[in-house]
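Please open the model in your viewer and keep the selection tool at hand. We will begin at a single residue, step from there to a second one, and finally zoom out to the whole chain.

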Amino acid sequence: MYSYEEVLEKIESGRRFGNLPGVEITRIMLEKLNHPQRELSFIHVAGTNGKGSVCAFLDSIMREAGLKTGCFISPHLVDFRERITVKGQMISKGDVVRLGNRLLSENFGVNPTMFDYCLAMAVLYFREQQCDVAIIETGLGGRLDSTNALGMPEVSVITRIGYDHMAILGNTLHEIAGEKAGILKPGVPAVFAPQEPEALEVLNQHADGICVTEKDMLKAEAMKPALIGDYQRENAAAAMLAAEIYLNKIHASAIGESVKKGIHHAKWQGRMDILSTDPFFMVDGAHNSNGIHALKRSLMKLYPGEKFHFIMGVMADKDYENMVEELLPLAIDFVTVTPDSTRALQGSALADFIERKGVPAQALQRISDIWKGVKHGEKTIALGSLYFIGELIEQFQKGQHVV
């Protein structure tokens, strides 16, 4: 019997990508587990940016409608158990130990990755908890993603598609959209967030989806989303439309009020998340070009004419040159760090690149040193890898910061 720490170590030591596509590995695992997913009613969410926010909005709306919700997301920011929640509460350590040991003792005949184990744990837990509906976020892509083994969702949602994981998903929006569209199923209603024409063309070839309009975004904005950021208008609108489709199916009463309250009360850590107002310190998990563009647009709208101290830590496989270019007009200076990952871009290399653009940049050896440079009366924005953002939030929660 493995302890909680040992279960996590065993699960996390699984390779990031297996020999078989995730969809095949999970299909085999679910078959061995006697198809627990067949008792699951779920909403499937894919896309490049905004997946987590849409899941947070949907989870909040469904709870306001009186439904018992399960929510599966990745990655976690601070605690592994954030990945699997029921009614907004993280799975207990005891349940992770119990279900983790069960999964690790099975001989599936394949080599599950961490994501495969997490998804299987979530499905078993949601079935045990008799969830009315589960909100399921894809891990990577869609067509070959582990979550695509779950079968037919009640509604599919595709958030904004952009350039990310290009080595795996393709070099064009057409190719990337094709992978994301792999979650769309015949006869299943679909909601599409605003898309580039190239991506929308591909999505429309796979399903006759409902597209989020400016009118929808204004309606969602009027519900006063708790999540700040200009881009949350489209995420809230996508969740609103998907929730209305689902709730109409089950004849839920007071749909409009549930949607309104759910959007207003939704919480999502690490996305334009203001940890401190004096000194001002915001964290944002913008880790690709689309995310940075959305962050920049939101900062300009919220704080017109202001400039910021940026703290940045990203993965080497991201389009960091374009990310930096987007932020340069708003930057006073940069501090760079190396996130705790084998895929991380070295902070020193990032600082060198920024300095060559004519903006001061300093690389720090330790993430904990960041707090020494946070200034009263000025605004500091930390952004990049979710692993890095999670580490900052954890330090803040533990009081390892200066305020």
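Select E137 to begin, and you will find this residue in strand β5, where strands are DSSP runs of E with at least two residues and helices are runs of H or I with at least four, both numbered from the N terminus. Before going further, note that this is a predicted model, in which local features need pLDDT of at least 70 and side-chain atom pairs count only at pLDDT 80 or more, while totals for chains, interfaces and linings use all residues. Residues are numbered from 1 along each chain as its sequence is written, and side-chain values use heavy atoms, with hydrogens and water left out.

Is E137 buried or exposed? E137 counts as buried because its relative accessibility is 5%, and buried means under 20% relative accessible area, exposed over 50% and partly exposed in between, with a 1.4 Å probe and protein chains only.

Now display what surrounds E137: leaving aside neighbours within four places in sequence, E137 is in contact with residues including V45, K51, C55, F72, S74, F115 and T147, contact meaning heavy atoms within 4.5 Å. For a view across the chain, select I367, which is 230 residues from E137 in sequence and 29 Å from E137 in space, C-alpha to C-alpha.

Next, select S146, which lies in the loop between β5 (133-137) and β6 (155-158). S146 has a relative accessible area of 5%, and therefore S146 is buried. Not counting residues up to four places away in sequence, S146 touches G22, V23, T26, F115, D116 and L119. Which side chain does S146 join through a polar contact? The partner is D116, at 2.6 Å; a polar contact is a pair of N or O atoms within 3.5 Å, where within protein one must be able to donate a hydrogen and the other to accept it, and residues adjacent in sequence count only if both atoms are side-chain atoms.

Finally, show the whole protein chain, whose secondary structure comes to 15 helices and 14 strands. Its C-alpha atoms fill a box of roughly 60 × 50 × 40 Å, taken along the principal axes. Of its 403 residues, 58% count as buried. If you then display contacts with a separation of 6 or more, residues 24 or more positions apart account for 74% of them.
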